[in-house]
Amino acid sequence: MANAFNLTVARVGENLFDGQAVSVVLPGTEGVFQVLAHHEPFVSRLAEGQIHVVAADGETYHFDIEGGGVAEVSHNEATILL
Amino acid sequence: MALKDIKAKIGSTNRTNKVTRAMEAVSAVKMRKTQERALKGRPYARAALQILSRLSGGADLVRHPLARAREPKRIALVIITSDKGLAGALSANVTKAAREALRGYPVEAVSVYAYGKKGMEFFTHRGYRITGFWENRIDEVELSVMDRLVADLTRAYAAEAFDRVIVAYSNFRSTFEQTPTIRTLLPLSLEEVRKLVEDIVPSKGKYSTLDRSQDVPAYTIEPEDAELLDLLVPRLVAASLYHMLLESKASEHSARMVAMKSASDKSKEVVRDLTRTYNKLRQAAITREVSEIVGGREALAS
């Protein structure tokens, strides 16, 4: 679990993903980037596209972004608001 | 009252009792569901609030068009009530609080957005201008309706059609306690949102635990602060409003549940009293008949 981090993907009114993840790939406004455990703290805007999550148990999830979003990482916790 | 009438009345009261008992049970289930939804939505509101407060300690926020305070000359009121009655004084309390909050503003300076019929009727009767009206019939909070409401409000606020937006709704504290609450939605202030997020936790019962968050280091922010705020602020407004709607729903269901409970209790009491009267009357009739027979026999024998 050393390389996992807490990930929350939420939309107003529903939680899409909440748990341990190893990796998440995000479409930033400046290009696609990946967040792994112990990423430096940052806040970024997201463009339209897809989020790819690899959960700690190996499962993968995909979420579509419509109309942009915000990603925030701190304390080994990532929060993505759509 | 004749015997037959009393019997009919007992029957109808029993039927009422069945209806109110069913409504009580239905409201209890709906209340639970709404509470669960409110809790599910909380991480979003909390995260948005956190990001916002960490971004700049609120310094940049003050300059954002939706957060800049203006002298409140004209005001918009969003009133969230139920469509139906049978929920005790719930809607009346909210409209009363809203009217109190509007004191000092002339009728022309107020635009009312009514979500729910009760609030609409109340303010129409008093000559207020209803700018928007939505029915609060469905038990789900519709996100599309809410998006439109938020879009309307933010656009009109940015265009300075009004200088303040307040929301009157009823806050769910526990099954027996719903407090009518007035909150300022625009200009957006972090304190107001923080209060709201904390209020999502009911004061008692199953969902009354709250986890606290920690402070955070400096951020790499990309692209610009201002751009992020443009994205976050409307979302936070939407999330706040969404929670107020959910709180109102939960309050409505719990108020109805309590109202139906007391209606069921009352109808049982009425049935008991009526049955007693019925038995008394029937006994009196029998006694009268017996004494008539006995009296008749006496008359014949003598």
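Q: What makes a residue buried in this predicted model?
A: A residue is buried if 20 or more other C-beta atoms lie within 10 Å of its own C-beta atom.

Q: Why is strand 4 of chain B called mostly covered?
A: Strand 4 spans residues 164-174. Of its 11 residues, 9 are buried.

Q: What makes strand 1 and strand 4 of chain B a pair?
A: Pairing takes at least two bridges. Strand 1 (residues 75-80) and strand 4 have 5 bridges and run parallel, so they pair. Ala76(B), for instance, has Val165(B) in strand 4 as its bridge partner.

Q: How do you know that strand 4 and strand 5 of chain B pair?
A: The cut-off is again at least two bridges. Here 9 bridges join strand 4 to strand 5 (residues 177-186), therefore they pair. The two run antiparallel. Asn171(B) is bridged to Thr179(B) in strand 5. Strands 4 and 5 of chain B form a hairpin, with 2 residues between them.

Q: What makes up the largest nonpolar core?
A: This core has 87 residues. Leu77(B), Val78(B) and Leu236(B) are among those with the most contacts inside it. Helix 6 (residues 225-301) of chain B gives the largest share, 19 residues.

Q: How do you know that Leu236(B) is in contact with Ala48(B)?
A: Contact requires C-beta atoms within 7 Å. Ala48(B) meets that for Leu236(B), as do Leu49(B), Leu52(B), Leu188(B) and Val193(B), leaving aside neighbours within four places in sequence.

Q: Why does the radius of gyration of chain A agree with a compact globule?
A: A compact globule of 82 residues would have a radius near 12 Å, and chain A has 11 Å, so the two agree. Chain A comes to 0 helices and 8 strands.

Terms used: Residues numbered from 1 in each chain as written. Chains lettered and ligands numbered in written order. Predicted model: local features only at pLDDT ≥ 70, side-chain atom pairs only at ≥ 80, totals over all residues. Buried ≥ 20, exposed ≤ 12 C-beta atoms within 10 Å, placed from the backbone. Helix = DSSP H or I, 4+ residues; strand = E, 2+ residues; numbered from the N terminus. Core = buried A, V, L, I, M, F, W, Y, C linked by C-beta atoms within 7 Å. Contact = placed C-beta atoms within 7 Å. Rg over C-alpha atoms; globule rule 2.2 N^0.38 Å.
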